[in-house]
Amino acid sequence: MKSQYEHIIHPFPPLYDNNSKILILGSLPSVKSREQMFFYGHPQNRFWKIIAAIYGEPVPENDDIEAKKAMILAHHLALWDVIDECDITGSSDSSIRNAKVTDLRLILDHSSVTR
């Protein structure tokens, strides 16, 4: 049985502030991230464990979005995705088609991102 394609428009805003210096880019939020309306929401995703280890912080609980936001901003990071909308099957990046790229000027013009 073939999986159904779904047209996804990125459902939540980037995370950054004026002090953000490093922009971390993903492709498009997974199904779990879209359910949480925040980045790297699948409990098996290693992103939050890696960021916490790099900065010597405790790993935030998976559903503690505010703690995740605070950790990112405290370390002058920004999060966003390179795809603004596309057709996709589930969370499979390899199934992405008809992608429209994100305009990164929103972050670049309103932050201190240089990397």
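Reader: How far apart do the centres of the positive and negative side chains of the protein chain lie?
Author: This is a predicted model, in which local features need pLDDT of at least 70 and side-chain atom pairs count only at pLDDT 80 or more, whereas totals for chains, interfaces and linings use all residues. Residues are numbered from 1 along each chain as its sequence is written, and side-chain values use heavy atoms, with hydrogens and water left out. Lys and Arg count as positive and Asp and Glu as negative, without His and the chain ends, and each charge is placed at NZ of Lys, CZ of Arg, CG of Asp or CD of Glu. The protein chain has 12 positive and 15 negative side chains, and the distance between the centres of the two sets is 6 Å.

Reader: In what order do the elements of the protein chain run from the N terminus?
Author: Helices (H or I, at least four residues) and strands (E, at least two) are DSSP runs, numbered from the N terminus. The protein chain has four helices and five strands, and their order is β-β-α-α-α-β-β-β-α.

Reader: What radius of gyration does the protein chain have, beside that of a compact globule?
Author: The radius is taken over C-alpha atoms, and the globule rule is 2.2 Å times the number of residues to the power 0.38. For 115 residues a compact globule would have a value near 13 Å, with which the protein chain agrees at 15 Å.

Reader: Which residues form the one aromatic cluster?
Author: Rings of Phe, Tyr and Trp (its six-membered ring) pair if their centres lie within 6.5 Å, with planes under 30 degrees apart stacked, over 60 edge-to-face and the rest tilted, and the structure holds six such pairs. The rings of Phe38 and Phe39 are edge-to-face, because their centres are 5.4 Å apart and their planes stand at 75°. The rings of Tyr40 and Phe47, by contrast, have centres 4.0 Å apart and planes at 15°, so this pair is stacked. The cluster is formed by Phe12, Phe38, Phe39, Tyr40, Phe47 and Trp48.

Reader: Which residues does Ser91 touch, not counting those up to four places away in sequence?
Author: Ser91 has its place in the loop between strand 4 (83-88) and strand 5 (97-101). With a relative accessible area of 39% Ser91 is partly exposed, a class that lies between buried (under 20%) and exposed (over 50%), for a 1.4 Å probe and protein chains only. Its C-alpha atom is separated by 9.5 Å from that of Ser33, 58 residues apart along the chain. Taking contact as heavy atoms within 4.5 Å, Ser91 touches Ser30 and Val31.
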